[in-house]
Amino acid sequence: MKPTRASLLLPLVMVVLAACGGDHPMSTFIAHSDLTREINAIYSRIFWWTALLFLLVQGGLIYVVLRFRAKGTETANPEQVHGNIRLELTWTILPIFILMHIAIPTVSLIFKSQAQTTEENAVLVNALGKQWWFAFEYPELGVTTANEMHVPLGTEIEVRLQSDNVIHSFWVPQLMAKRDMVPGRVNHIKFKAEKLGEFYGQCAEYCGDSHALMKFRVVVDTPEDFAKWIASQKAPAETEAATAQAGFQAFQGAGCVACHAINGTTAAAVIGPDLTHVGSRTMIASGILENNEENLKKWIKDPPGVKPGSKMPNLNLSDEQVASLAAYLQTLK
Ligand code: CUA
């Protein structure tokens with residue numbers, strides 16, 4: 001049977017319609033912060049202005065084509081005209097107004113979003129782009145974590161974006177615009193989250209092998225839950241003494257101490273993610289694996305196999321070592 005035109009169009013229509021429904025964590029059309037709401041307002045302003053211009057220009061074109069088309073009765077060229085000051089002024093000044101209408105709010109929002117915070121209860125976060133994960137420090141609250149940034153609802157958050165390696169771009173589509181993390185400088189981005197829950201983030205600047213796997217999450221808590229989270233992150237991990245001792249021995253024996261820190265132990269290196277409360281995170285390996293014992297084993301056994309180019313090498317640990325490390329890390333809540 002020969003495919004009809006309609007049957008060929010069907011898959012296209014389905015793909016387009018599929019984009020309309022459902023929960024799209026990476027969609028920039030869903031705004032859950034003051035910043036993304038304002039960005040979307042400018043976006044729709046630009047969209048409607050361009051839609052109006054499109055209709056005016058195409059309408060004019062169609063009108064001229066129909067009105068002045070050759071009817072076959074012309075004997076000579078039409079009258080040749082040249083120069084029309086009023087028309088030329090109109091089509092110069094009108095676009096200037098339209099472009100200003102777009103440029104002024106766009107540029108002022110860019111400046112506003114990167115201004116330093118002035119609010120007293122604002123939360124400051126240093127976000128550091130690594131290859132390929134994110135470190136989050138709360139300098140005023142004394143907390144360091146990785147790949148999961150908690151923020152309180154309705155509070156101004158100022159993120160200071162930094163990198164000590166290559167350029168990354170920090171992006172949480174529903175909470176903030178993309179902004180680069182450039183070695184040697186500090187960029188700022190400021191927002192207030194307006195919805196509780198977990199929001200997906202992703203590095204948005206090609207930065208090497210596992211750029212596409214450089215994910216993170218922003219967890220928006222109520223202010224009370226945020227205070228609880230901060231308190232739990234500040235405390236050393238709650239692990240039974242016996243488990244802790246055996247686990248830490250495995251940790252030391254495998255050489256993990258060379259790169260990682262665990263509060264309350266002698267491990268204090270800052271090359272890899274801080275693992276003090278790794279068991280409390282929902283994801284591991286920069287947001288690509290759910291945090292459970294099975295995945296931890298998989299990850300410890302062969303990091304570059306999970307995340308190509310991973311700076312954590314395959315240490316050729318025995319299954320026994322892997323199992324005891326995974327069990328220990330799970331207890332670090
Ligand atoms: Cu970091 Cu791409």
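1. Let's start where the domains meet: 16 residues of domain 1 are in contact with 17 residues of domain 2, contact meaning heavy atoms within 4.5 Å. Domain 1 covers 29-55 + 88-222 and domain 2 covers 241-330, with bounds from an automatic or database domain assignment. Their C-alpha centres lie 31 Å apart.

2. Please keep in mind that this is a predicted model, where local features need pLDDT of at least 70, side-chain atom pairs count only at pLDDT 80 or more, and totals for chains, interfaces and linings use all residues. Residues are numbered from 1 along each chain as its sequence is written, and side-chain values use heavy atoms, leaving out hydrogens and water.

3. Now find the open sheet, whose five strands follow the order S3-S2-S1-S5-S8 with mixed pairing. Strands (E, at least two residues) and helices (H or I, at least four) are DSSP runs, numbered from the N terminus; two strands pair if DSSP finds at least two bridges between them. S3 (143-146) and S8 (187-192) are the edge strands, each with a single partner, so one side of each has no neighbour in the sheet.

4. Look next at S1 (residues 123-129) and S5 (residues 156-163), which run parallel and are joined by seven bridges. For Val 123, the bridge partner in S5 is Ile 157. Helix H4 (residues 223-234) packs on the sheet, touching S1, S2 (134-138) and S3.

5. One for you to locate: which helix holds Val 16? Val 16 is in H1, residues 5-18.

Key. Axes fitted to C-alpha atoms, helices over the stretch in contact; angles between N-to-C directions.
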